[in-house]
Amino acid sequence: MTAPRLRFAPSPTGYLHIGGARTALFNWLYARRHGGTFVLRIEDTDQARSTQASTDAIFEAMRWLELDWDEGPFVGGPHGPYFQTQRLEIYRAFAERLIDAGHAYRSYETREELSALREAHKARTGRDDFRYDSPWRDGREPPRDGPYVVRFKMPRDEQPVGFDDQVYGHIAKRHCDMDDWIMLRPDGIPTYNFGAAIDDHTMGITHVARGDDHINNTPPQVAVFRALGAAEPLYAHLPMILGEDKKKLSKRTGSVSVMDYRENGYLPHALVNFLARMGWSHGDDEIFSRVQLIEYFGFESIGKSGGVWNKEKLLWLNNHWMREGSADALVPLLTEHLARRGLTVADDARTREIIRLHVERARTLAEMADHTRFFFSDGVTIDDKAGNKELLGNRPLLEVARERLATGIFEAPALEEWAKGYAEQAGLKLGKVAQPLRVAVTGNTVSPPLFDTLVLIGRDECVRRIDAALRWASDKSPPTA
C-alpha cells in the first residue's frame, strides 16, 4: 500500500467545531496508522466571514488536541501554499486547462438575470429545482469585456458519476441530474467543489474523510478529477454527531466549540478518546490510549448511524484519564484553573498531595479547582446551611479542637486518634466531632478525608479558621436573656 495522504481543511469562519475536530482526528489516526501524511490546509475563500482570529483558534485547538500536521501552515511542505487565498493562480490555471479541453466554459449571466430566471421557474412550476441552461455553453459569442463565471460543462447523458464510499458503499449520480455548476466566480475565487478538488489533486490527497453532509459535493468533485484524467481519492463520509435529542449537535444540546472543553476543565486526550467513539467502534471498548487508537482505527469500523453525544460518558472518561495521569502533569493544569479563581498555587509536594486526594472525586479540572480552592485561600466562606447545622451549638467542641490543633502532634493519625477519643468520651459518633470541624476549616460538609485535609491546610491556618468559625457562630447565635 502506498503511504496515504489525508487532509483536514477547515474554514476559518469561527471556532473549531466538535464535528470538525472529529473529522481531523479520523484523518490523523488513519495517516498515523498507515505511516502516511496528514495535511492541514485552510479554506479561507469566504472573505466576508474568514478572520485571522478564527484561523488562530483552529491552530490552537489542533495543538491542544495534539493533532500535529506534517504539511501545512508553520510546517510548510512541497504542495503549498496551504491557504486557498494564496492559491488563486493555481485555480485559474486549472480552469483554463478545463476550458481548453472542452470541460468548462465562461458564462456571462449576471446575478440579477439568474435571480429572475429562478423566480420565473418557481412561478411557472411551483418548484425550487431550477437548473440554469447557459447560452454560452456551446460557444455563443461573449459580450465585450463582460464579467463572467467559469462553469463546469456537465455532460447531458445519463451516465453515472459514481464512487465507492468507505462508509456508505457505492454512491452514484447521473450527469443529467447535475447542472453546470460554477467553478470560478467573477473575482477568481473558486467555489468549494472546485477549490477542494483542485487542492486534493495538486496535493496528492489519496483519502478524503469528511462529514456526510458533503456526499452531494462528491460527484461534482469526482467529475473534475475525471475531466483532468486523474484518479480521485477514496472517500469516507462520516455520520453526523448528534445531540442527546438525536438531532444535529448544537449549543442547546452540548457545547460545540473544542476550546470550550479546555476552558471547562477537560483533558485533551479525554476529548480525543470520546470523539473517537462518535461513529467508530472497536468491539465494546470505550477507553483507548492514543497508541491504541492509532493501532485499531480504520474506516471499515465506522457505522452509518450518527454517534450520540453523552456528557456523562465524557465526564466519566475525563475522570478516568485524570486518575491515569500523574499529579506532576496535573499541577500546571489545576494551577491554570485556580488562577482564574484568583488563587496562586505553588508547584510543590503539598499541591501534588492535594491533587492525589481529590483526583478520584473530581470529574473535571474545573471541579477540582472548585473543590480544592479552600486549601489555597486565606480563610474560607462558610456555607450558611452547613454552618447553621454544624457550628451553632458546638462552641465547646470547636474550642477543644482549636486547642488540640494548636498544641498537639499535627499529623493525620494522631489527629484521628484524638477525635475518636473525644467522641468516645463525650458519647458521640465520630461524625458528630468531624463534621463541625470540617465545616469550620473548609466552609462546607464535603472534603477529602478530614485529618489529611487538616494537615494539608496547615496548623496555623486551621487555628485561624476555627477562630473565624467561632466568631461566625457567635454572630449567628441569638443574644442571651
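1. A quick definition before anything else: buried means under 20% relative accessible area, exposed means over 50%, and partly exposed is what lies in between (1.4 Å probe, protein chains only).

2. Ground rules. This is a predicted model, where local features need pLDDT of at least 70 and side-chain atom pairs count only at pLDDT 80 or more, while totals for chains, interfaces and linings use all residues. Numbering runs from 1 along each chain as its sequence is written, and side-chain values use heavy atoms, with hydrogens and water left out.

3. Overall build. You'll find 19 helices and nine strands, taken as DSSP runs (H or I, at least four residues, for helices; E, at least two, for strands) and numbered from the N terminus. The radius of gyration is 32 Å, whereas a compact globule of 481 residues would come out near 23 Å; that value is taken over C-alpha atoms, and the globule rule is 2.2 Å times the number of residues to the power 0.38. The C-alpha trace spans about 105 × 55 × 35 Å along the principal axes. Of the 481 residues, 50% count as buried.

4. Back to phenylalanine 74. This residue sits in the loop between H2 and H3, and its phi is near 75°, a positive value in a residue other than glycine. For background, most residues other than glycine have a negative phi, and most peptide bonds are trans.

5. Lysine 246 is another one to look at: its phi is positive, about 70°, although it is not a glycine. It lies in the loop between strand E9 (234-238) and H7, and at 57% relative accessibility it counts as exposed.

6. What does tyrosine 266 touch? Leaving out residues up to four places away in sequence, tyrosine 266 touches Trp64, Tyr261, Lys311, Leu314, Leu315, Asn318 and Thr364, a contact being heavy atoms within 4.5 Å. Tyrosine 266 is in the loop between helix H7 (258-263) and helix H8 (268-276), and at 7% relative accessibility it counts as buried.

7. Last, helix H12 (residues 349-358). Thr351, Ile354, Ile355, Leu357 and His358 are buried there. They cover an arc of only 160° around the axis, which puts them on the same side of H12; the arc is that of the directions from the helix axis to the C-beta atoms. The buried residues of H12 pack against helix H11 (327-340), helix H13 (365-376) and helix H18 (450-457).
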